[in-house]
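Subject: Structure for your review

Dear colleague,

Please find below the structure that I am handing over to you, together with its sequence. I would be grateful if you could read the notes that follow with the model open.

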Amino acid sequence: MSNSNDTPNPVDEKTEVNRAQIEHRAAWMALFYDEMKKAGADAEGIMRRAIRRCGNYHGEQFKARCADPNNLEDFRKVFIHDLGMRTFDMRPIESDKNNLKVDFHYCALLASWKKLGFDDKTCELLCDMAMDGDRGIAEGMGIKFELGNTIAQGCSECQLHFKSS
C-alpha cells in the first residue's frame, strides 16, 4: 500500500497532542484485538460490538445536544469541531438538513497501527472495526451512515456520509 496517510504540513501543538492521544487509544484497540485473537476469542466480534456500543452512547449524547436532531446541520455543530477538523485534516465538509459529508485526509489510528507493524490487511480490518463507532453514532442519532473510500484501503481520504433516515 502506498503511504496515503502522510502527515500534512506542520500543525499546531494541540493538534499534535490530540493525534498522539488518538494514536495511543488506537494502539490499545489493536493490541486488545491481537491478544484476543491469539487467545482464540472472537476478537473481531467482541471488538465490533464494544465499538458500536461506544458509538451508540456518543450518538445518543450528540442527539441530546442537537437543537433539532433531525437536522444534520445541527448534528454537524455538535459532531465536528475545530480541533477534530485539524486532527483528521477534514476537508471538504458539505452539509444540509439531510446530509453531512466529510472527507478525512489524515488518520491517527492508521498511523498508530502502522507504527505497531500491522500489515495492510489487518489495518484495513481495524479501520472497518473502528468505523463501527461512526455506525453506532449514526444509530444513536437515528440517522444512516455510509462509508466510502478509506485511507486504510490505500485511498487518499476517508469518505464519511451521514444522512437522514
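This is a predicted model: local features need pLDDT of at least 70, side-chain atom pairs count only at pLDDT 80 or more; totals for chains, interfaces and linings use all residues.

Strands

Strand 1, residues 90-95, pairs with strand 2, residues 99-104, in the antiparallel sense, and four bridges connect the two. A hairpin of three residues leads from strand 1 to strand 2.

The peptide bond that joins Arg-91 and Pro-92 is cis, with omega at about -20 degrees; Pro-92 belongs to strand 1. Asp-89 is not a glycine, yet has a positive phi of about 45 degrees. Asp-89 is placed in the loop between helix 4 (82-87) and strand 1. Is Asp-89 buried or exposed? Its relative accessibility is 15%, so Asp-89 counts as buried, the cut-off being under 20%.

Helix 3

Helix 3 spans residues 72-79, and its buried residues are Leu-72, Asp-74, Phe-75, Val-78 and Phe-79. Viewed down the helix axis, these buried residues fall within an arc of 145 degrees, and therefore they line one face of helix 3. They pack against helix 2 (43-65), strand 2, helix 6 (120-141) and strand 4. At the N-terminal end, helix 3 is capped by Asn-71, which has a side-chain oxygen 2.8 Å from the backbone nitrogen of Glu-73.

The largest pocket

The volume of the largest pocket is about 1100 Å³. It is lined by 30 residues, of which Arg-25, Phe-88, Leu-109, Asp-134 and Ile-137 are the closest to its centre. Two or more lining residues come from each of helix 1 (13-38), helix 2, helix 3, helix 5 (108-115), helix 6 and strand 4. Which element gives the largest share of the lining? That element is helix 2, with seven residues.

Two further residues

Arg-48 is located in helix 2. Its side chain makes a polar contact, at 2.8 Å, with the side chain of Asp-132. When neighbours within four places in sequence are set aside, Arg-48 is in contact with Leu-125, Asp-128, Met-129, Asp-132 and Arg-135.

Thr-15 is part of helix 1. With a relative accessible area of 0%, Thr-15 is buried, since buried means under 20%. Beyond its neighbours within four places in sequence, the contacts of Thr-15 are with Leu-83, Arg-86 and Thr-87.

With kind regards

Terms used:
Residues are numbered from 1 along each chain as its sequence is written. Side-chain values use heavy atoms; hydrogens and water are left out. Two strands pair if DSSP finds at least two bridges between them. Buried means under 20% relative accessible area, exposed over 50%, partly exposed in between (1.4 Å probe, protein chains only). The arc is that of the directions from the helix axis to the C-beta atoms. Contact means heavy atoms within 4.5 Å. A polar contact is a pair of N or O atoms within 3.5 Å; within protein, one must be able to donate a hydrogen and the other to accept it, and residues adjacent in sequence count only if both atoms are side-chain atoms. On a 1 Å grid over the protein atoms alone, a cavity is a set of points where a 1.4 Å probe fits but cannot get out, and a pocket is an open set with protein on both sides within 12 Å along at least five of seven lines; lining residues have an atom within 4 Å of a point. Grid points are joined across faces, edges and corners, and a volume is the space filled by probe spheres set on the points.
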